Amino acid sequence: MSETAQTAAGERVLKRDSLLTRVEGEGGVYVRWEQDRLAEVRLDIFEPPRFFEAFLRGRHLHEVPDITARICGICPVAYQMSSVHALEAALGIVISPAIRRLRRLLYCAEWIQSHALHIYLLEGPDFLGYESALSLAKDHPELVERGLRLKKVGNDLLEVLGGRATHPVSVCVGGFYKTPRRKELMALHESLVWGLEAARTTARWAAQLTLPELTADYEFVALSHPDEYPMNEGRIVSSSGLDLTAAEFERHFLELQVAHSTALHSVRTENATSYLVGPLARLNLNRERLAPQAREVAHSSGLSFPLRNPFAMIIARSLEMLHAFEEALSIVESYEEPAQSAVECKVRAGEGCAATEAPRGLLYHRYRVNERGLVDFAKIVPPTAQNLRRIEDDLRLLLPRLKEASDEEMLAACENLVRAYDPCISCSTHFLKLTIDRSPRP
Amino acid sequence: MNKVVSFPRPPLLVIGCGNLTCGDDRAGMEFVRKLRPQSCAQYAAREMPQLSVDLLELFKETETILFVDAVETGAAPGTLHLVPLPYAGLQSRSLGKVSGHGWGLNEVLGLARSLGREIPRLALLGIELESVEPGEPISPAVKQALQVALENFPRLRTLLSGTADALTRPRSFAPGDCAFPGEVKCA
């Protein structure tokens, strides 16, 4: 439960008096003005720590993909992918090209699911002047129906590949427990063809949305691969010139504890500055490797790259969803059932790390396993945590423009900005509690 | 092009909700796991640990949805509550707005209405919890309640598959009360 209390100093303070057991995460924005000066901005994260890295210690490496999938109900594939790649690195396993393609297909399914939900049901209403998807649906049911149907195509694909649409169970170290039959995938062909067209319409629609003006000097960080739009593999690159292997990640990116957040913040080690991961970073660093239709829409829509407006994340997501449909169709059409669903996995002591591209950005995992295959150490750096410091920086850019605004207007603007990131801390729709302290400090 | 073979849709869909790792919060999930092996043309059972907007798609697949979830009303642990939904007087642990992106049952119903979608008959089998401590096993009281509910599931199915007014008022059954689910009028 949460409530807003009034202190003697006139400051409204959010209190939590109990913790929910099924927490998706909740956050709040604290803004303190001293007269006209923005004195303090915090993105408070009060979701209880979930201790997954500790849970994993002592568990067998084969359990890791299924345990880590439980970190998130929206992007479980990402957690499975980063974990299996890291563990395969630890064991010296090289997967077959067929398995590699199936894993990209799995990631396409998750990007479609996640991006469709966010574009149409969470962020889209903001740009069309609606309070929520419910009110948008009353006036524009065709938009919401399109979003729901796009998401369902992702769900169906995930169900075929992963056994179920949420928390798939088919992924294992070395490949898959079970690979789909060709006819199972081809049964989705028609809906993928529809989805491709609907995703192209979506990308063109998103590119012409009128977005709030805000420009930030981001350091974009994403995977980059010479031949493909990044999902499972690639080097970690940044707009400031970083070009790293996953093994070098922890030397250049530092997790910090801050008092107001149960999620760690991430900064660049060299200068303690924030950086941006996610669709906007991926697109800006990899747009030439988009699939042909997505690339064509990106180039013909009058967009000026690099996109530096955080609200343009909806455009990046839309282009990535189009890319995911193009790639999914290509993989499905050329799919041949692999002779083996997984390569042999010989347990040995080792350490490995990997980064993959979750819908919300770079997701880094590192594991150390012993000779019995038990996890001795686990480290997980999720994309939302990496973006928290950056979100606060964006709020600092946004809020001075709003000093004359009412509390309600300020709340709406802060919500829109945070929602643009699609943070996985929880409900992107109206999840924020805004505390504004306008009382002058003594 | 391969065509998807469509099977007749069962008239009743049982959805188990909750958190498998938190004591009695797993009641709904346990219920469907025990029920699922016996699924037949008359009903299907599936897990949905927490609600999401995907629930909307399931509305098309059946005539009646029964959610099974842990509840906390202050009654004795193991009490069974059977209520038509939506019902403001009883909040189950999973059907509220605690789901991903704020999609609780009311939000999904609101979206369904906005889109003009047909809404199936909805009901909740709520199992009064004793403890939802992380890592704890299911309590003996809830275990017994699950047994009573499972043993009487055929009658519950008949009740829910009956006429539209078969379940119009909440019903509660004390722990161990084998009268559950109460009077069943055949359609």
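Two strands are taken to pair if DSSP finds at least two bridges between them. In this predicted model, strand E13 (residues 361-369) and strand E14 (residues 375-381) of chain A pair in the antiparallel sense, with six bridges between them. Within this pairing, A:Phe377 in E14(A) is the bridge partner of A:Arg368. Five residues lie between the strands of the hairpin, and in this hairpin A:Gly373 adopts a positive phi near 85°.

Positive phi values also occur at residues of chain A other than glycine. A:Gln35, which is not a glycine, has a positive phi of about 55°. This residue is located in the loop between strand E3 (27-34) and strand E4 (37-45) of chain A. A:Gln35 is classed as exposed because 9 other C-beta atoms lie within 10 Å, and the limit for that class is 12 or fewer. A:Ala272, likewise not a glycine, shows a positive phi of about 60°. The loop that contains A:Ala272 runs between strand E11 (261-268) and helix H10 (279-286) of chain A. A:Ala272 counts as exposed because it has 10 C-beta neighbours inside 10 Å.

Cis peptide bonds were identified in chain A and in chain B. In chain A, such a bond links A:Phe305 to A:Pro306, with omega about -5°. A:Pro306 belongs to the loop between helix H11 (292-300) and helix H12 (313-333) of chain A. In chain B, the cis bond is between B:Leu85 and B:Pro86, and its omega is about -5°. B:Pro86 is found in the loop between strand E4 (80-85) and helix H3 (105-114) of chain B.

Technical notes. Residues are numbered from 1 along each chain as its sequence is written. Chains are lettered from A and ligands numbered from 1 in the order in which they are written. This is a predicted model: local features need pLDDT of at least 70, side-chain atom pairs count only at pLDDT 80 or more; totals for chains, interfaces and linings use all residues. Helices (H or I, at least four residues) and strands (E, at least two) are DSSP runs, numbered from the N terminus. A residue is buried if 20 or more other C-beta atoms lie within 10 Å of its own, exposed if 12 or fewer, and partly exposed in between; C-beta atoms are placed from the backbone.
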